[in-house]
Amino acid sequence: MSIKTTIIYLILSFFLFTAVFHKANGCFIIPKVHVQFDNRLPTNIPKPLVVHCRTEEDELGNHTLTPGQSWGFSFCQKPFITKAICELHWNGLYRNHIVAYNAQWVSVPCAKECIWVVTEKGATLPYGDFHYWENLPKPPPS
């Protein structure tokens with residue numbers, strides 16, 4: 001076998017390996033990221049939580065969660081590019097433009113798994129910012 005044939009064989013083998021590996025694991029080199037929303041809203045209010053998310057590449061649609069339910073999505077991030085934006089709606093309250101994941105975060109509140117917890121006060125990551133409902137009624141003056 002000539003050197004040229006060997007090089008072509010190695011290059012084709014590499015592309016075949018990466019294609020198989022990509023399909024098996026979902027991502028190549030960069031780990032897969034998982035974003036999830038856990039509905040921890042009170043059970044005494046029968047309104048579901050509606051979560052709507054999108055990335056630059058995918059429109060993920062509306063997902064209705066009753067208290068105690070979770071919904072999430074996974075993706076292969078593109079370093080310094082990938083961003084997931086979500087909005088939440090519950091019982092007349094809303095929170096628009098939550099950056100659920102951003103590959104440009106300097107201080108990363110979540111690396112491969114971003115689990116958002118939604119309560120009657122808003123949404124938060126375990127080690128990240130708290131996002132209050134945008135139209136949460138203010139308490140009466142005392």
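Is histidine 52 buried or exposed? I started there: histidine 52 has 17% relative accessibility, so it counts as buried (buried is under 20% relative accessible area, exposed over 50%, partly exposed in between, with a 1.4 Å probe and protein chains only).

**Ground rules.** I am working on a predicted model, where local features need pLDDT of at least 70, side-chain atom pairs count only at pLDDT 80 or more, and totals for chains, interfaces and linings use all residues. Residues are numbered from 1 along each chain as its sequence is written, and side-chain values use heavy atoms, leaving out hydrogens and water.

**Overall layout.** I looked up the elements and got 1 helix and 9 strands (DSSP runs numbered from the N terminus: helices are H or I with at least four residues, strands are E with at least two). Along the sequence the pattern reads α-β-β-β-β-β-β-β-β-β. The chain has 142 residues, and 32% of them count as buried. Of the contacts with a separation of 6 or more, 53% are between residues 24 or more positions apart (contact means heavy atoms within 4.5 Å).

**Back to histidine 52.** I find this residue in strand β2, residues 49-54. Its side chain makes a polar contact of 2.3 Å with the side chain of glutamate 59 (a pair of N or O atoms within 3.5 Å; within protein, one must be able to donate a hydrogen and the other to accept it, and residues adjacent in sequence count only if both atoms are side-chain atoms). Leaving out residues up to four places away in sequence, histidine 52 touches Glu59, Gly61, Asn62, Ile85, Cys86 and Glu87.

**Leucine 60.** I moved on to strand β3, residues 59-65, which holds leucine 60. Leucine 60 is partly exposed because its relative accessible area is 24%. Beyond four places in sequence, leucine 60 touches Cys53, Arg54, Trp71 and Phe73.

**Threonine 55 and lysine 83.** Threonine 55 sits in the loop between β2 and β3 and, at 17% relative accessibility, counts as buried. Past four places in sequence, I list Phe73, Lys83 and Ala84 as what threonine 55 touches. Lysine 83 belongs to strand β5, residues 83-90, and its 31% relative accessibility makes it partly exposed. I also checked a C-alpha distance: lysine 83 and glutamate 56 are 27 residues apart along the chain but separated by 6.9 Å. Among the residues that lysine 83 touches are Arg54, Val99 and Tyr101.

**Aromatics.** How many aromatic pairs does the count come to? I get 6 (rings of Phe, Tyr and Trp, the last by its six-membered ring, pair if their centres lie within 6.5 Å; planes under 30 degrees apart are stacked, over 60 edge-to-face, the rest tilted). Phenylalanine 75 and tyrosine 101 form an edge-to-face pair, 5.6 Å centre to centre with 65° between the planes. That pair links distant parts of the chain, from strand β4 (residues 70-76) to strand β6 (residues 93-102), 26 residues apart.

**Pocket lining.** Which residues line the largest pocket? I noted Thr55, Glu56, Glu57, Asp58, Phe75, Cys76, Lys78, Ile81 and Thr82 (on a 1 Å grid over the protein atoms alone, a pocket is an open set of points where a 1.4 Å probe fits, with protein on both sides within 12 Å along at least five of seven lines; lining residues have an atom within 4 Å of a point).
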